[in-house]
Amino acid sequence: MDIKTVYGGPMQGMQLQGMPMQGGPMGGPPQAGYPQNGGGYPGTFSAPPQQPVNDPMWGYFTTIAGQDGEIDAEELQRCLTQTGISGTYTPFSLETCRIMIAMLDRDMTGKLGFNEFKELFAALSSWKQNFMMFDQDRSGTVEPHEMTQSISAMGYRISPQALNAVIKRYSKAGRIYFDDYVACAVKLRALTESFRRRDQMQQGAVNFQYDDFILCTMSI
(Lines give C-alpha, C1' and ligand atoms only; values in the text may rest on other atoms or scores of the structure.)
Protein backbone atom coordinates (compact mmCIF):
# COMPACT_ATOMS: atom_id res chain seq x y z
CA MET A 1 0.00 0.00 0.00
CA ASP A 2 1.25 3.46 -0.85
CA ILE A 3 1.71 5.28 2.46
CA LYS A 4 0.92 8.63 0.82
CA THR A 5 -2.59 7.44 0.01
CA VAL A 6 -3.18 6.61 3.67
CA TYR A 7 -1.88 9.70 5.39
CA GLY A 8 -1.98 12.53 2.88
CA GLY A 9 0.97 14.84 2.41
CA PRO A 10 2.23 18.27 3.41
CA MET A 11 1.58 21.34 1.31
CA GLN A 12 3.14 21.27 -2.13
CA GLY A 13 6.41 23.16 -2.20
CA MET A 14 6.52 23.47 1.58
CA GLN A 15 9.86 22.64 3.15
CA LEU A 16 10.41 20.80 6.39
CA GLN A 17 13.82 19.98 7.81
CA GLY A 18 15.34 21.61 4.76
CA MET A 19 13.86 19.08 2.32
CA PRO A 20 11.22 19.81 -0.35
CA MET A 21 7.96 18.07 0.44
CA GLN A 22 5.48 16.64 -2.02
CA GLY A 23 1.75 16.71 -1.45
CA GLY A 24 -1.55 18.30 -2.27
CA PRO A 25 -2.15 22.02 -2.70
CA MET A 26 -2.66 24.32 0.23
CA GLY A 27 -6.24 24.85 1.33
CA GLY A 28 -8.80 24.27 4.03
CA PRO A 29 -9.49 20.96 5.73
CA PRO A 30 -11.16 18.17 3.75
CA GLN A 31 -14.93 18.04 3.48
CA ALA A 32 -16.49 18.07 6.96
CA GLY A 33 -12.95 18.23 8.34
CA TYR A 34 -12.66 14.48 8.83
CA PRO A 35 -9.61 12.41 7.96
CA GLN A 36 -9.33 11.20 4.41
CA ASN A 37 -8.04 7.74 3.56
CA GLY A 38 -7.72 6.54 7.14
CA GLY A 39 -4.67 7.80 8.97
CA GLY A 40 -5.02 11.54 8.69
CA TYR A 41 -1.42 12.42 9.43
CA PRO A 42 1.53 13.26 7.19
CA GLY A 43 4.72 11.32 6.61
CA THR A 44 7.54 10.78 9.03
CA PHE A 45 10.49 13.13 9.39
CA SER A 46 13.97 11.76 8.95
CA ALA A 47 17.03 13.16 10.65
CA PRO A 48 19.45 15.08 8.43
CA PRO A 49 22.79 13.56 7.48
CA GLN A 50 25.90 14.14 9.56
CA GLN A 51 27.35 17.60 9.00
CA PRO A 52 31.07 18.33 8.49
CA VAL A 53 32.99 20.31 11.06
CA ASN A 54 33.45 23.14 8.55
CA ASP A 55 29.69 23.67 8.41
CA PRO A 56 29.06 27.44 8.79
CA MET A 57 26.75 26.81 11.77
CA TRP A 58 29.27 24.69 13.64
CA GLY A 59 31.29 27.53 15.13
CA TYR A 60 28.15 29.34 16.18
CA PHE A 61 26.74 26.20 17.79
CA THR A 62 29.90 25.41 19.75
CA THR A 63 29.99 28.95 21.13
CA ILE A 64 26.46 28.55 22.45
CA ALA A 65 26.83 24.96 23.60
CA GLY A 66 29.97 25.46 25.65
CA GLN A 67 31.99 22.60 27.11
CA ASP A 68 29.34 19.87 27.00
CA GLY A 69 28.74 20.18 23.25
CA GLU A 70 24.95 20.40 23.66
CA ILE A 71 22.40 23.13 24.36
CA ASP A 72 19.60 23.13 26.92
CA ALA A 73 16.33 25.07 26.82
CA GLU A 74 17.75 28.31 28.22
CA GLU A 75 20.70 28.20 25.83
CA LEU A 76 18.34 27.46 22.96
CA GLN A 77 16.17 30.43 23.90
CA ARG A 78 19.19 32.75 23.88
CA CYS A 79 20.39 31.23 20.64
CA LEU A 80 17.10 31.67 18.79
CA THR A 81 16.77 35.23 20.07
CA GLN A 82 20.28 36.06 18.85
CA THR A 83 19.74 34.49 15.43
CA GLY A 84 16.66 36.64 14.91
CA ILE A 85 14.71 33.75 13.41
CA SER A 86 11.54 35.06 15.04
CA GLY A 87 12.08 38.33 13.17
CA THR A 88 9.64 40.99 14.33
CA TYR A 89 7.55 38.36 16.08
CA THR A 90 7.59 37.78 19.83
CA PRO A 91 10.72 35.82 20.92
CA PHE A 92 10.22 32.19 21.87
CA SER A 93 9.23 31.47 25.45
CA LEU A 94 11.26 29.09 27.60
CA GLU A 95 8.38 26.58 27.58
CA THR A 96 8.30 26.54 23.77
CA CYS A 97 12.06 25.98 23.77
CA ARG A 98 11.60 23.04 26.14
CA ILE A 99 9.12 21.30 23.87
CA MET A 100 11.33 22.01 20.84
CA ILE A 101 14.08 20.09 22.58
CA ALA A 102 11.69 17.30 23.60
CA MET A 103 10.63 16.90 19.96
CA LEU A 104 14.18 16.05 18.83
CA ASP A 105 15.80 14.78 22.03
CA ARG A 106 16.11 11.18 20.84
CA ASP A 107 18.74 10.26 23.42
CA MET A 108 16.63 11.75 26.26
CA THR A 109 19.36 14.04 27.61
CA GLY A 110 17.16 17.12 27.77
CA LYS A 111 19.54 18.83 25.35
CA LEU A 112 20.23 19.11 21.63
CA GLY A 113 23.37 18.09 19.81
CA PHE A 114 24.56 19.80 16.63
CA ASN A 115 22.60 17.69 14.13
CA GLU A 116 19.44 18.00 16.22
CA PHE A 117 19.98 21.76 16.41
CA LYS A 118 20.27 22.01 12.63
CA GLU A 119 17.17 19.88 12.17
CA LEU A 120 15.24 22.17 14.50
CA PHE A 121 16.48 25.31 12.75
CA ALA A 122 15.33 23.97 9.37
CA ALA A 123 11.90 23.08 10.78
CA LEU A 124 11.56 26.52 12.38
CA SER A 125 12.40 28.21 9.09
CA SER A 126 9.68 26.19 7.37
CA TRP A 127 7.09 26.94 10.06
CA LYS A 128 7.93 30.63 9.94
CA GLN A 129 7.46 30.65 6.17
CA ASN A 130 4.10 28.93 6.57
CA PHE A 131 3.04 31.36 9.32
CA MET A 132 3.95 34.39 7.22
CA MET A 133 1.78 33.11 4.37
CA PHE A 134 -1.25 33.58 6.62
CA ASP A 135 -0.03 36.62 8.58
CA GLN A 136 -0.43 38.88 5.58
CA ASP A 137 -0.92 42.04 7.64
CA ARG A 138 2.30 41.26 9.59
CA SER A 139 0.49 41.65 12.90
CA GLY A 140 2.42 38.72 14.36
CA THR A 141 -0.77 36.70 14.70
CA VAL A 142 -3.11 34.53 12.66
CA GLU A 143 -6.84 34.05 13.09
CA PRO A 144 -8.46 30.72 14.01
CA HIS A 145 -9.68 29.98 10.48
CA GLU A 146 -6.17 30.69 9.16
CA MET A 147 -4.74 28.34 11.77
CA THR A 148 -7.13 25.67 10.53
CA GLN A 149 -5.92 26.19 6.97
CA SER A 150 -2.30 26.13 8.10
CA ILE A 151 -2.70 22.81 9.93
CA SER A 152 -4.31 21.36 6.82
CA ALA A 153 -1.49 22.79 4.69
CA MET A 154 1.04 20.96 6.87
CA GLY A 155 -0.65 17.71 5.88
CA TYR A 156 -2.69 16.89 8.99
CA ARG A 157 -6.25 15.61 8.60
CA ILE A 158 -8.03 15.93 11.92
CA SER A 159 -11.67 16.36 12.88
CA PRO A 160 -13.37 19.72 13.53
CA GLN A 161 -13.58 18.81 17.22
CA ALA A 162 -9.83 18.24 17.40
CA LEU A 163 -9.12 21.43 15.45
CA ASN A 164 -11.35 23.40 17.79
CA ALA A 165 -9.51 22.01 20.81
CA VAL A 166 -6.13 22.90 19.28
CA ILE A 167 -7.22 26.45 18.49
CA LYS A 168 -8.64 27.00 21.97
CA ARG A 169 -5.42 25.71 23.50
CA TYR A 170 -3.11 28.00 21.52
CA SER A 171 -5.15 31.17 20.94
CA LYS A 172 -5.13 34.34 23.02
CA ALA A 173 -8.07 36.73 22.66
CA GLY A 174 -9.02 34.99 19.43
CA ARG A 175 -5.56 35.21 17.84
CA ILE A 176 -2.61 32.81 17.59
CA TYR A 177 0.84 34.34 18.10
CA PHE A 178 3.98 33.02 16.41
CA ASP A 179 5.39 31.50 19.60
CA ASP A 180 2.15 29.58 20.21
CA TYR A 181 1.95 28.65 16.53
CA VAL A 182 5.39 27.03 16.73
CA ALA A 183 4.51 25.31 20.02
CA CYS A 184 1.45 23.85 18.30
CA ALA A 185 3.47 22.73 15.26
CA VAL A 186 6.06 21.08 17.51
CA LYS A 187 3.44 19.14 19.47
CA LEU A 188 1.58 18.06 16.35
CA ARG A 189 4.77 16.74 14.83
CA ALA A 190 6.09 15.06 17.99
CA LEU A 191 2.79 13.39 18.91
CA THR A 192 2.22 12.32 15.31
CA GLU A 193 5.65 10.68 15.15
CA SER A 194 5.05 8.96 18.47
CA PHE A 195 1.64 7.72 17.33
CA ARG A 196 2.88 6.57 13.96
CA ARG A 197 5.68 4.48 15.45
CA ARG A 198 2.97 2.48 17.21
CA ASP A 199 0.64 2.35 14.20
CA GLN A 200 2.30 -0.63 12.57
CA MET A 201 -0.57 -1.19 10.13
CA GLN A 202 -0.54 2.51 9.13
CA GLN A 203 -4.31 2.78 9.59
CA GLY A 204 -4.54 5.68 12.03
CA ALA A 205 -5.49 3.55 15.04
CA VAL A 206 -3.42 2.12 17.92
CA ASN A 207 -3.92 0.62 21.37
CA PHE A 208 -2.10 2.35 24.23
CA GLN A 209 -1.13 1.02 27.61
CA TYR A 210 -1.74 3.70 30.24
CA ASP A 211 1.94 4.15 31.08
CA ASP A 212 2.86 4.38 27.40
CA PHE A 213 0.14 7.00 26.85
CA ILE A 214 1.48 9.10 29.74
CA LEU A 215 5.03 8.76 28.40
CA CYS A 216 3.97 9.94 24.92
CA THR A 217 1.92 12.92 26.05
CA MET A 218 3.83 14.15 29.09
CA SER A 219 7.28 14.04 27.53
CA ILE A 220 6.35 16.77 25.03
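User: In this predicted model, which hand does the crossing of α8 and α9 have?
Analyst: Start with where the two helices sit: α8 covers residues 178-198 and α9 covers residues 210-218. Their axes come within 9 Å. As for the hand, the crossing of α8 and α9 is right-handed.

User: Which residues of α9 make the contact with α8?
Analyst: Both helices put in side of the contact by name. From α8 come Leu 191, Ser 194 and Arg 198. Facing them from α9 are Asp 212, Cys 216 and Thr 217.

User: Are α8 and α9 roughly parallel or roughly antiparallel to each other?
Analyst: The axes of α8 and α9 cross at roughly 150°. The cut-off for roughly antiparallel is over 145 degrees. So α8 and α9 are roughly antiparallel.

User: And how are α4 and α5 oriented to each other?
Analyst: Here the axes come within 10 Å and cross at roughly 120°. Roughly perpendicular runs from 65 to 115 degrees, and roughly antiparallel needs over 145. An angle of roughly 120° therefore makes α4 and α5 oblique.

User: What is the class make-up of the contact of α4 with α5?
Analyst: α4 passes α5 in a right-handed crossing. On the α4 side, the contact uses Met 100, Met 103 and Leu 104. On the α5 side, Glu 116, Glu 119, Leu 120, Leu 124 and Trp 127 take part. By class, that comes to six nonpolar, no polar and two charged residues.

User: What about Arg 138: is it buried, partly exposed or exposed?
Analyst: Arg 138 is in the loop between α5 and β3 (141-142), and has a positive phi of about 55° although it is not a glycine. Buried needs under 20% relative accessible area and exposed needs over 50%. At 44%, Arg 138 therefore counts as partly exposed.

User: Which residues does Ser 150 touch, not counting residues up to four places away in sequence?
Analyst: Ser 150 is in helix α6 (residues 144-153). Its relative accessible area is 1%, so Ser 150 is buried. Leaving out residues up to four places away in sequence, Ser 150 touches Asn 130, Phe 134 and Tyr 181.

User: In what order do the elements of the protein run?
Analyst: The protein has nine helices and four strands. Read from the N terminus on, they go α-β-β-α-α-α-α-β-α-α-β-α-α.

User: What share of the accessible surface belongs to carbon and sulfur atoms?
Analyst: Of the 220 residues, 45% count as buried. The accessible surface of the protein comes to about 11,600 Å². The share that belongs to carbon and sulfur atoms is 54%.

Terms used
Residues numbered from 1 in each chain as written. Predicted model: local features only at pLDDT ≥ 70, side-chain atom pairs only at ≥ 80, totals over all residues. Heavy atoms only, no water. Buried < 20%, exposed > 50% of the residue type's maximum accessible area, 1.4 Å probe, protein only. Areas by Shrake-Rupley, 256 points an atom, 1.4 Å probe, with all protein chains shown as cover. Axes fitted to C-alpha atoms, helices over the stretch in contact; angles between N-to-C directions. Parallel < 35°, antiparallel > 145°, perpendicular 65-115°, else oblique. Left-handed = near helix turned anticlockwise from the far one by under 90°. Contact = heavy atoms within 4.5 Å. Nonpolar A, V, L, I, M, F, W, Y, C, P; charged D, E, K, R; others polar.
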